[in-house]
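Here are my notes on this model, written as numbered points. Keep the picture open while you read, and follow along one point at a time.

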Amino acid sequence: MKNRLEINPLESEAIYIIREVAAQFEKPVLLFSGGKDSIVLVKLAQKAFYPAKIPFPLMHIDTGHNFPETIKFRDQLVEELGLKLIIRKVQVSIDEGKVREEFGKYASRNILQTTTLLDGIEEFKFDSCIGGARRDEEKARAKERVFSVRDDFGQWDAKNQRPELFDMLNGEIELGQNVRAFPISNWTELDVWSYISKEKIEIPPIYFAHKRATFLRDGLIWSAEDDIVYREEDELVEDRLVRFRTVGDMSCTAAVLSSASTVDTVVQEIRESLISERGARIDDKRSEAAMEKRKQEGYF
Amino acid sequence: MEVLKISTGGGVDDGKSTLIGRILYDTKSLPKDKLESIENTSKVRGYDYLDFSLATDGLIAEREQGITIDVAHIYFSTKKKSYIIADTPGHIEYTRNMVTGASTSQVAIILIDARKGVIEQTKRHFTINNLLRVKEIIVVINKMDLVDYRKERYEEIKKHFNELLINRTYKEQVISFIPLSALKGDNVVVSSKKMPWYKGSTLLDYLENLNHDTLYNKEETRFSVQYVIRPKTKDFHDFRGYAGKIYGGSIEVGDEVIVYPSLTKTTIKEIFFHDKKYQQASNRSSVTITLNNDVNISRGDMLVKANETPKVSRNITSTVCWLNREQLSLDKVYTLQHGIHKVLAKVKRINYMVKTDLLDRENNTSVLNINDIASIDLTLNKSVFYDSFENHKDNGSFILIDNQSNNTVAVGFIK
């Protein structure tokens, strides 16, 4: 029996896309949030260029509202792999008066990070940003191309997207434009978790069931362990066994009740799950077209 | 797990989005929050049924107009397979999206409204899927509930559709017919009790039972170098790896290969996938290979097996589908991207138009507009190493890029 490589079609496609980014662009960057999707991206990039190092830096747009566990995890990963990490802070954009902090019950820094991101892209003259967005996450994302052109204001023009045929990716752009590249476009949440399981990829502990001080609002479970999520006095704090399905800005990321404490039990839980991943993200619930509007403004 | 890519096409309002929503619903792929939002919106609009099309029509303009205007990708899986559906619009102006969806699919679903039967759009979709050599076509005759589930109507439409097949160029294409009602759920996932006369599979059963080995044609091996890997580290000081994706056949250590365009001969020394070495790698895998001779290879060069050489030319004849609002200009220099290899191209002449609808259209041979399909001759500044589209889908296709707008303006299928 010969030692034959059996193909994982999604992995092979992602590696092909990452290599196209490195080959077609002069200054790519990988947008790293510390979440599982971007950790998987780093793993795929490692595979794409082995035995060479990943030929582009990572950039983290830090809202200042991160789960502390993800930051610790991020720094370990970067050190272990000898990667270059750029951090740009939303707090700085606020201090410079470029954006204004939201107030009230539903205040979040999720939208504010778009400005910091666009400034970061301009500062380093990045011409392509690799992101971990997936088409199964949300309806507007389902229409996103693998190479998605943004104009010099970072805007996405949904109706004038370049057609993508066969495997051919057209990365030709004007100075000032950039391309958002999405290697795991065709993966589902379950695909990501199955890959984490198969490849034994480490991810931050908040993805697994843990006891946390929480309160309920609008049917969602919010962390009460920090001052970041606004809580009214009559919103009762209770300990619950929870995990997070996404690790966005703390102020808009709700937890789900779960006893899944290992990768395999999480995979099992997702198979049986009835609430979609972004169902616990309040930013999408603001309106039917929330994501599309944010994307037009330059959000990834 | 096997991944099956499907594209859907049909006319306006033939219930494509409803069909996809129904598949998601019946395979329990719709999460609770999405289902709730569909229920709420259906109720607000005063429907007495669930409007499953709400599951896929994502963009603001689409919800306003109630039509699909761009390719949306929908995912679901069964225990057996993962499915990716490219939901492409029925509007005539958006033929380019249909071509896009069909280019990466192994299966095409063409919807027909049982009341309307075969219409111009049906012919267009069939022609495009035949032109793109999509292996399997499933003709779904939808809204059977509105024609009282009559067998005669189904047979009549089937007969009309079969008349389209007479002039098709890709004769090996497999074509099947399924009568169903997406709205009521007949024959989508669950067998219909209303159509006992239909003995075939439901749509999902048919997809589940497709054999993946037969969905790709047997093609020769083509390996274009995407990226040259030179780590220059202590452990890999002289390492020179060629990263790329294998199209067609498989490769094996020891294979004798020819490098294009230099025509250097060498053999494969190692095949890497990440940090592991393999003896063999199969079709469509992204690998890194090393070679036994020190040859000068850069991005865009192509490796083929010594007995499977491609055609090499600066002049090609090709069928193209024009994808952009700005029409073809015979004076312009375009960039032709063949796989990952780019050259400059000029269109020498338009040979003839390919008709895709039932209407007799003028054979105007000086202009190509958006959605037109035609045969053209191209001259290139450098040779490409290609196959005919008939023999090799990936190495027989290209895109044209406008050098001013950078837009992808056409897709070509080389003769």
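1. Start where the chains meet: β1(A) and β14(B) run parallel and are joined by two bridges. Within this pairing, A:L5 sits opposite B:A281 of β14(B). Strands here are DSSP runs of E with at least two residues, helices are runs of H or I with at least four, and both are numbered from the N terminus. Two strands count as paired if DSSP finds at least two bridges between them.

2. A word on the source: this is a predicted model, in which local features need pLDDT of at least 70 and side-chain atom pairs count only at pLDDT 80 or more, while totals for chains, interfaces and linings use all residues. Residues are numbered from 1 along each chain as its sequence is written, and chains are lettered from A and ligands numbered from 1 in the order in which they are written.

3. Now look at the other side of β14(B). Strand β14 (residues 280–281) of chain B is also joined to β10(B) by two bridges, and this pair runs antiparallel. Here B:I251 is opposite B:A281, the residue that also faces A:L5.

4. As background, strands of a sheet pair through backbone hydrogen bonds, either parallel or antiparallel.

5. How many residues does each chain give to the contact? Chain A gives 48 and chain B gives 55, where two residues are in contact if their C-beta atoms, placed from the backbone, lie within 7 Å. On the chain A side, β1, α1 (9–24) and α2 (36–49) each give two or more residues. The largest share, nine residues, comes from α1(A). By type, the chain A side divides into 23 nonpolar, eight polar and 17 charged residues. (Ala, Val, Leu, Ile, Met, Phe, Trp, Tyr, Cys and Pro count as nonpolar, Asp, Glu, Lys and Arg as charged, and the others, Gly among them, as polar.)

6. Next, chain A by itself: it has nine helices and eleven strands. Its radius of gyration, taken over C-alpha atoms, is 19 Å, which agrees with the value near 19 Å for a compact globule of 300 residues; that rule is 2.2 Å times the number of residues to the power 0.38. Of the contacts in chain A with a separation of 6 or more, 76% are between residues 24 or more positions apart.

7. Last, another strand pairing to trace in chain A: β8 (residues 210–217) and β10 (residues 238–243) run antiparallel over five bridges. A:H210 has A:V242 as its bridge partner. β10(A) is also joined to β11 (residues 256–257) by two antiparallel bridges, where A:V242 is opposite A:L257.
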